[in-house]
Amino acid sequence: MQYLVSVIHDQAGLATPDEQAAIDVFNDRLQAEGHWVFAGGLASPNTATVIDNRGGETMVTDGPFLEPKEYLAGFWIIEAAGPDVALKLEAEGSKACNRKVEVRPFL
C-alpha cells in the first residue's frame, strides 16, 4: 500500500545542515528497505500560484491559497505493508526532519 507523508512546518526557512543530513540518512534507509517511491521538498508558500478554472474564466492568483500558521514543506510517498509499518517509519521520518508529519493512504 502506498502512503503520502506530508511534512508540516511552521517557520520560514529550509532544513538546517544537521536536519538535512538526518533526512538523507532516512531517505537512504527507505530506499534500501524498499519503502521509497518518491520524495521532495517544496519552496516556501509565498512562491505558490493558485489556479481556479471552475468557472467560465481561469483565475490565477499569486501567493498561497490560505495564510496558515503551518504549511506543507515537503513530502514522501512510501510503500508499506500496512498502516502500522507506515506509522512506525514516519515516526522516524518526523524525527529525522524535525517536523510534524501527516500520514495518509492512497485510495
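In which strand is Ser6 found? Keep that in mind as you go through these close-ups of a predicted model.

View 1. Ser6 is found in strand S1. Its relative accessibility is 11%, and since buried means under 20%, Ser6 counts as buried. Leaving aside residues up to four places away in sequence, Ser6 touches Leu72, Gly74, Lys100, Val101 and Glu102.

**View 2. The largest pocket.** Here you're looking at a pocket with a volume of about 420 Å³. It is lined by 23 residues, and the closest to its centre are Ala15, Ile23, Gly41, Ala73 and Gly74. What kinds of residues make up the lining of the largest pocket? They split into 13 nonpolar, eight polar and two charged.

**View 3. Who supplies the lining of the largest pocket.** The largest share is five residues, and it comes from S5.

**View 4. Helix H1 meets helix H2.** The axes of H1 and H2 (residues 83-97) come within 7 Å and cross at roughly 155°. Angles over 145 degrees count as roughly antiparallel, so that is how H1 and H2 sit relative to each other. On the H1 side, the contact is made by Glu19, Ala22, Ile23, Phe26, Arg29 and Leu30. H2 brings Leu89, Glu90, Glu92, Gly93, Ala96 and Cys97. Sorted by class, the contact of H1 with H2 has seven nonpolar, one polar and four charged residues.

Methods:
Residues numbered from 1 in each chain as written. Predicted model: local features only at pLDDT ≥ 70, side-chain atom pairs only at ≥ 80, totals over all residues. Heavy atoms only, no water. 1 Å grid on protein atoms, 1.4 Å probe; cavity = no way out; pocket = protein on both sides within 12 Å on 5 of 7 lines; lining within 4 Å. Points joined across faces, edges and corners; volume = space filled by probe spheres on them. Helix = DSSP H or I, 4+ residues; strand = E, 2+ residues; numbered from the N terminus. Nonpolar A, V, L, I, M, F, W, Y, C, P; charged D, E, K, R; others polar. Buried < 20%, exposed > 50% of the residue type's maximum accessible area, 1.4 Å probe, protein only. Contact = heavy atoms within 4.5 Å. Axes fitted to C-alpha atoms, helices over the stretch in contact; angles between N-to-C directions. Parallel < 35°, antiparallel > 145°, perpendicular 65-115°, else oblique.
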